[in-house]
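I opened my notebook to look up a few things in this structure, one at a time. Come along and check each entry against the picture.

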Amino acid sequence: MINEPDSRDLLTEARQVLLDSLVPDLAGEQKYQALMIANAMGMAIREIEQRAQGEPDATDRSLSQFLAGHQLPDDPSQGEQTLARALRDRRLDGDDPELRSVLKGMTEARLRINNPGFLK
Amino acid sequence: MSALADTFSNFIVRQTGARNARVIDFSKLSGGAIQDNFGLTLELEGGDRPGRQEFVVRQDAPSGVAESLSRPEEFRVLQAAFGAGVTAPEPLWLCEDAEVSGRIFYVMSRASGTASPRKLVKGDLTDDQRRHLVRRLGAELARLHTVRPPMDSLAFLEMPTGSNPALSRVALYRRYLEEIGEPHPVLEWALNWLEDHAPEPGPTVLCHCDFRTGNYMVDGDELTAVLDWEFAAWSDPCEDLGWLCCRSWRFGGDDREVGGVGDKDDLLASYREVSGADIDPAAVSYWEVMALVRWAMIALQQARRHMSGEQRSLELALTGRMVAQMEYDLLNQIPELEEGQ
């Protein structure tokens, strides 16, 4: 089923109307709330865009490779759970650069959606 | 609102022995999901405090959360801090009779200035003014940390379990993560690091546990009041120092490690002058890492409150999405500390 303009387009336009036409007339608590709404919409837009670009699959793949290389089960839907559990159980070396790189990759993927401006 | 103003005004008349009181201003103050804060300005005739008086009345909000101190407990913490010379609002009267206003409340003096982090961090303070303020923050913490257990009036505060408060925190946060149920490998990794690098514990002292930019009032370059005492606990002095310096509380002034205001050297020098205690900067750095983990835990819990339907709120939902920021800071800060060693 084609239904256009698509959700990304709708959200992008709605957010722009909010920021360009409504926010300038608001103050105090109402302005704060409107900016929170724009922030939430921005995250939703970026999440749709990242998914279209193959994220979070790329991050999941590197996690999956890491788990396989450490003899840990790599059920794709449970990757983070497995990694968290292995760390809790002290089955991984926290200094391992490969581990740190996987952790950083996962975190950067989240920030590209939640707050790209935070990435240095 | 005006009925509530009269209720508080009448209460203050009884406490001060005033003949009469006129309400000049009454308004709800911003901040605090757990408490309602009201500003109340009265013109009092006679009694202990005649003339124009500005008060803050703090009472539980309808949707109270059980995790922090109750109003009576907070009042006693405030008394202990104020008594130790901390620049805090003067705690005046506690009303434990819920019949009076419908809820338990207390009255304190109102400080001048603003607690707004943006105004402070982005403001036009000179370097000297910033240094002055940072030294003041160190002095305030040094005075607070002279309050030590046991204290009868603070018997409700639990003593840290185990011999090292840092390791107690690690165990607590692991339990929180279990309860939250969502996997967070970066936080697990950071908790392992915190377990392996715990410094020698300092003395057990009264800690504010939310001492950061945004929770103290500033008028010009003068600190006028340390606010928000509901998380106070017995802990290691470095927990407060680390929380104040944590990257999450610099509000865009990232290179000024003390709350976006100034330098850690000035903070610790002033702390030493007032307390006589030489704090190891490495221990403060360690507790900054702990602070990132703690803030991540709080953010996860807030998001859960939204998702569970207990308190649907866009603000709580967005706070949940901030956790990746703390995780990113952890992934940068821990290697930086290792390189510095």
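Here are my entries, starting with the ground rules.

**Ground rules.** I am looking at a predicted model, where local features need pLDDT of at least 70, side-chain atom pairs count only at pLDDT 80 or more, and totals for chains, interfaces and linings use all residues. Residues are numbered from 1 along each chain as its sequence is written, while chains are lettered from A and ligands numbered from 1 in the order in which they are written.

**Confidence.** I looked up pLDDT, the predictor's confidence in each residue, from 0 to 100. Chain B has a mean pLDDT of 93, and 96% of its residues reach 70 or more. For the complex, the predictor gives an ipTM of 0.95 and a pTM of 0.94.

**Chain B overall.** I found 11 helices and 9 strands in chain B; helices (H or I, at least four residues) and strands (E, at least two) are DSSP runs, numbered from the N terminus. Buried residues make up 43% of the 341 residues in chain B. A residue is buried if 20 or more other C-beta atoms lie within 10 Å of its own, exposed if 12 or fewer, and partly exposed in between, with C-beta atoms placed from the backbone.

**Where the chains meet.** I see 17 residues of chain B in contact with 22 residues of chain A; contact means that the C-beta atoms, placed from the backbone, lie within 7 Å. Which element gives the largest share of the side of chain B that touches chain A? I found that helix 6 of chain B does, with 6 residues.

I noted B:C209, whose phi is near 70°, a positive value in a residue other than glycine. B:C209 sits in the loop between strand 6 (205–207) and strand 7 (216–219) of chain B. Is B:C209 buried or partly exposed? B:C209 is partly exposed, because 19 other C-beta atoms lie within 10 Å.

Next I turned to B:F251, with phi near 50°, also positive in a residue other than glycine. The loop between helix 7 (237–245) and helix 8 (264–275) of chain B holds B:F251. B:F251 has 20 other C-beta atoms within 10 Å, so B:F251 is buried.

**Cis bonds.** I found a cis peptide bond joining B:P149 and B:P150, with omega about 0°. B:P150 is in the loop between helix 4 (127–144) and helix 5 (165–180) of chain B. In chain A, the peptide bond from A:E4 to A:P5 is cis, with omega near 0°, and A:P5 lies in the segment before helix 1 (7–22) of chain A.

Notes: Two residues are in contact if their C-beta atoms, placed from the backbone, lie within 7 Å.
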